[in-house]
Amino acid sequence: MELLEKLKNNDKLSIQEFEYLIKNRNNFYDDFANEALKIRKHYYKTDVYFRALVEISSFCKNDCFYCGLRHSNKNAHRYRLSKEEILQSVDGSYQRGFRTFVLQGGEDSEITDEFLIDLIKEIKSKYSDAAVTLSLGERDFSSYEKLKNAGADRYLLRHETNDENHYSKLHPKSMSLDHRKDCLKNLKSLHFQTGCGMMVGSPFQTDLTLAKDLYFIQELQPEMVGIGPFIPADNTPFEKYEHGDLDLTYFLLAMIRLIDHKALIPITTALSTLDKDSIVKGLAVGGNVLMPNVSPVENRKNYSIYNDKKDFEIQISGNFEKLKEKIEALGFNPNMSIGNYGE
C-alpha cells in the first residue's frame with residue numbers, strides 16, 4: 001500500500017495518516033510487521049543487543065499519576081544504591097560480557113551531578129570499551145552537558161505523550177510537555193544517543209494521541225525508542241484502570257521500526273510482564289534490544305513502577321545462558337557489544 005511504501009522510502013507521514021493506520025491496523029498488521037523485520041535485518045542482521053539495567057534509586061520528586069514511585073505514594077519502599085553497590089552491579093555485568101550499562105532511577109535530588117560525574121568517570125576509566133546510558137528524568141541543560149562531558153553516551157527520556165491535554169491528565173501541574181520536549185531537544189543537541197517513548201493504552205489515550213506520538217518520533221528521529229503497555233500501579237490514581245493492549249503495542253513497535261529504520265528498540269519489561277512470549281513477538285516486529293535487570297536482587301521488588309513487574313532474571317548465570325540460548329533458537333545472535341545506532 002501507498003503509506004507502507006512511503007515509510008519504506010523514509011518519507012514522512014502526517015498525523016492524519018498515522019491515525020488512519022492505527023485505526024485500521026488489523027488490515028495492515030502482517031504486511032507492516034514483515035516489512036519492519038526486513039528493515040531490522042537490513043541494518044542489524046540477526047543481532048539482538050543486550051544491555052545491563054541497574055535501577056539505582058526508587059526515590060522520585062514527581063507525582064505522575066500512573067507511576068508507583070510517585071512522590072505521594074507513602075506505601076512505596078524506597079531505596080538508593082550507593083556508588084559501591086552500583087559499581088558492583090556494573091563489574092559483575094562486565095564479567096558476563098555486557099558492554100552497555102543502563103543506570104535508571106526516579107528523579108531523585110540525592111542523585112546529584114557530582115555523584116553521577118564521579119560514577120560515570122570511574123566506569124569509563126575501568127571499562128573504556130563500554131557505554132553508559134542514563135535514564136534519570138528531566139534535568140537542566142547544564143546538568144546534561146556535565147554528564148556528557150563526564151563520558152555518558154546515551155540518555156533515555158520517555159516523552160509519554162505528544163498531546164498537551166493528554167499530558168496534563170497523566171501528570172501534575174508542576175510538569176509540562178513543553179519542558180519534557182525541550183529536555184529531549186537538549187539531549188539531541190549535546191549529541192547524546194537519545195531515547196524517547198510512550199506507554200500504550202495509558203488512561204485517556206486515543207488513536208489520535210498515539211498518532212501524535214508517532215509523528216513526534218518521526219520528527220525527533222531518536223536513536224532509541226522504548227514503548228510498552230500501560231500497567232496500573234497500586235496506590236496511584238490509575239490503579240483501577242485496565243492495562244494497555246498488547247497487539248496494539250506490537251503493531252506500534254513495527255511502526256516505529258518503519259519510521260526510524262536504524263532505531264534501537266527494546267522489548268521492554270512491561271511487555272515481558274504481561275506476555276510470556278514478548279521476546280518472540282517483539283523480535284518478529286523489529287525489536288532488537290533486551291535489557292536484563294542486574295540490580296541487587298533485594299532491591300528489585302521495590303522499584304515498583306507498576307504492579308507485578310517482571311525482569312529478565314540473570315542473577316543466576318545459568319538463567320542468563322538460557323536467555324541467550326532462547327535468542328539463538330529463534331535465529332538471532334545475542335550481541336553483547338556496545339551496539340551503537342545504525343552499526
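Begin by selecting Lys 45, which is found in the loop between helix H3 (25–44) and strand S1. Helices (H or I, at least four residues) and strands (E, at least two) are DSSP runs, numbered from the N terminus. The model is a predicted one, in which local features need pLDDT of at least 70 and side-chain atom pairs count only at pLDDT 80 or more, while totals for chains, interfaces and linings use all residues. Residues are numbered from 1 along each chain as its sequence is written, and side-chain values use heavy atoms, with hydrogens and water left out.

**Two residues with positive phi**

Lys 45 has a positive phi of about 50° although it is not a glycine. Its relative accessibility is 60%, so Lys 45 counts as exposed; buried means under 20% relative accessible area, exposed over 50%, and partly exposed in between, with a 1.4 Å probe and protein chains only. Next, select Asn 10 in the loop between helix H1 (2–8) and H2. Phi of Asn 10 is also positive, near 65°, in a residue other than glycine. Asn 10 counts as partly exposed because its relative accessibility is 48%.

**The sheets**

Strands of a sheet pair through backbone hydrogen bonds, either parallel or antiparallel. Here, two strands pair if DSSP finds at least two bridges between them. Select S10, S1 and S11: they form an open sheet of 3 strands in the order S10-S1-S11, with parallel pairing. Strand S10 (289–290) and strand S11 (333–335) stand at the edges, each with a single partner strand, so one side of each has no neighbour in the sheet. Strand S1 (residues 47–50) pairs with S11 in the parallel sense over 3 bridges. To see this pairing, display Val 48, which stands opposite Pro 334 in S11.

Then move to the open sheet of 6 strands, whose order is S2-S3-S4-S5-S6-S8 and whose pairing is parallel. Its edges are strand S2 (52–57) and strand S8 (224–225), each with a single partner strand, so one side of each lacks a neighbour in the sheet. Strand S6 (residues 193–196) and S8 pair in the parallel sense over 2 bridges, and Cys 196 stands opposite Val 225 in S8.

**Helix H9**

Which residues of H9 are buried? Among them are Thr 209, Leu 210, Ala 211, Asp 213, Leu 214 and Phe 216. Show the elements that cover the buried residues of H9, including helix H2 (15–23), helix H7 (164–170), helix H8 (177–189), S6, S8 and H10. Just after H9, Gln 221 takes a positive phi of about 50°.

**Thr 236**

Select Thr 236 in the loop between strand S9 (228–229) and helix H10 (246–259). Thr 236 is buried, with a relative accessible area of 6%. Not counting residues up to four places away in sequence, Thr 236 touches Phe 65, Tyr 66, Cys 67, Gly 68 and Arg 70, where contact means heavy atoms within 4.5 Å.

**The largest pocket**

Finally, centre the view on Lys 301, Asn 302, Tyr 303, Ser 304 and Tyr 306, the closest to the centre of the largest pocket of the 20 residues that line it. A pocket is an open set of points on a 1 Å grid over the protein atoms alone, where a 1.4 Å probe fits, with protein on both sides within 12 Å along at least five of seven lines; lining residues have an atom within 4 Å of a point.
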